[in-house]
Amino acid sequence: AADIDALDAGEVVMKMSATPSAGIDDEITAMGLYALKVIEAPRLLLWLSVMGGNDERDYRLTRATLGRDAPGSYVRYQHVDLPWPVRDRHWVIDCSKNTALAHASSGVVWEHLWDLHAEGPALLAAAMDAGHIPRLSHEALRESVYLPANRGAWTLIDAGPQRTLVIAYVDADLGGSFPDLLVRTFTKRRLKAGLKVLEDMATRV
């Protein structure tokens with residue numbers, strides 16, 4: 001009941017996944033976090049903003065589309081330049097739309113999903129050789145940490161003509177020896193910031 005009241009008041013509600021996902025071995029675990037917020041804007045406007053309406057780019061982030069499949073599905077490479085002495089991180093994700101959920105909910109729920117691509121490193125190597133990754137050298141990639149886990153979703157639920165319940169979900173492992181508390185705090189801040197940016201974009205558009 002307290003969460004419902006908070007959402008109704010426009011606040012962000014944070015939740016942790018009850019069962020964090022396991023990585024490729026027992027030493028790698030990922031931490032699933034949810035951020036929920038009701039935004040006073042039409043769902044279609046927010047959806048278009050999430051899917052690429054943001055014209056502001058983070059100078060630390062390099063991205064490249066490596067392929068496209070079914071409508072709304074694509075493979076994307078991302079590299080983030082982190083401040084020294086932390087090593088840069090990068091990953092290749094498989095992005096898609098949850099059409100089954102849209103049909104099952106009679107169109108009330110729209111969801112954009114991503115997960116690490118099973119052949120990500122090989123796709124990345126081929127893209128580098130073909131010159132499809134801008135701004136990055138082979139040496140920069142060798143020095144970067146490839147994330148062992150990275151999945152998530154943007155879920156938008158139609159709550160009325162000018163109201164949308166947005167659920168941002170991230171389940172990732174940054175690799176290396178980051179303390180769990182630091183990762184959790186960083187992820188919470190990024191989720192809250194992402195929802196704030198989305199809300200600001202909707203008011204500008």
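Here is a chat about how the labels on this predicted model follow from its numbers.

Reader: What kind of model is this, and how are its residues numbered?

Author: It's a predicted model, where local features need pLDDT of at least 70, side-chain atom pairs count only at pLDDT 80 or more, and totals for chains, interfaces and linings use all residues. Residues are numbered from 1 along each chain as its sequence is written, and side-chain values use heavy atoms, with hydrogens and water left out.

Reader: How many helices and strands does the protein have, and what makes a run count as one?

Author: There are six helices and nine strands. Both are DSSP runs numbered from the N terminus: a helix is H or I over at least four residues, a strand is E over at least two.

Reader: What about the surface and the charges?

Author: The accessible surface is about 11900 Å², with 56% belonging to carbon and sulfur atoms; that's Shrake-Rupley with a 1.4 Å probe. As for charges, there are 22 positive and 27 negative side chains, and the centres of the two sets lie 5 Å apart. Lys and Arg count as positive, Asp and Glu as negative, with His and the chain ends not counted.

Reader: Why is Thr62 called buried?

Author: Its relative accessible area is 3%, and buried means under 20% (exposed is over 50%, partly exposed in between, with a 1.4 Å probe and protein chains only). So Thr62 counts as buried. Across the protein, 38% of the 205 residues get that label.

Reader: What does Thr62 touch, and what makes something a contact?

Author: A contact is heavy atoms within 4.5 Å. Thr62 sits in strand S3 (residues 61-68). Leaving aside neighbours within four places in sequence, Thr62 is in contact with Tyr77, Gln78, His79, Pro134, Arg135 and Leu136.

Reader: What makes the phi of Arg135 worth a mention?

Author: Phi of Arg135 is near 70 degrees, positive in a residue other than glycine. Most residues other than glycine have a negative phi, and most peptide bonds are trans. Ser106 also has a positive phi, about 55 degrees, without being a glycine. Ser106 lies in the loop between helix H3 (99-104) and strand S6 (109-116), and at 70% relative accessibility Ser106 counts as exposed. On the peptide-bond side, Trp84 to Pro85 is cis, with omega near 10 degrees, and Pro85 is in the loop between S4 and S5.

Reader: Why is Trp110 called partly exposed?

Author: Trp110 has 25% relative accessibility, so it lands in the partly exposed band. Trp110 belongs to strand S6, and its contacts beyond four places in sequence include Trp47, Trp154 and Leu156.

Reader: What makes a set of residues a nonpolar core, and which residues have the most contacts inside the largest one?

Author: A core is a set of buried Ala, Val, Leu, Ile, Met, Phe, Trp, Tyr and Cys residues joined through side-chain atoms within 4.5 Å. The largest has 21 residues, and those with the most contacts inside it are Ile39, Leu46, Trp154, Leu156, Val166, Leu195 and Leu198. Elements giving two or more residues include strand S2 (31-39), helix H2 (43-53) and helix H6 (180-204). H6 supplies the largest share, four residues. There's also a second, separate core of 10 residues, with Val75, Tyr77, Val92 and Leu136 among them.

Conventions
Charge placed at Lys NZ, Arg CZ, Asp CG, Glu CD.
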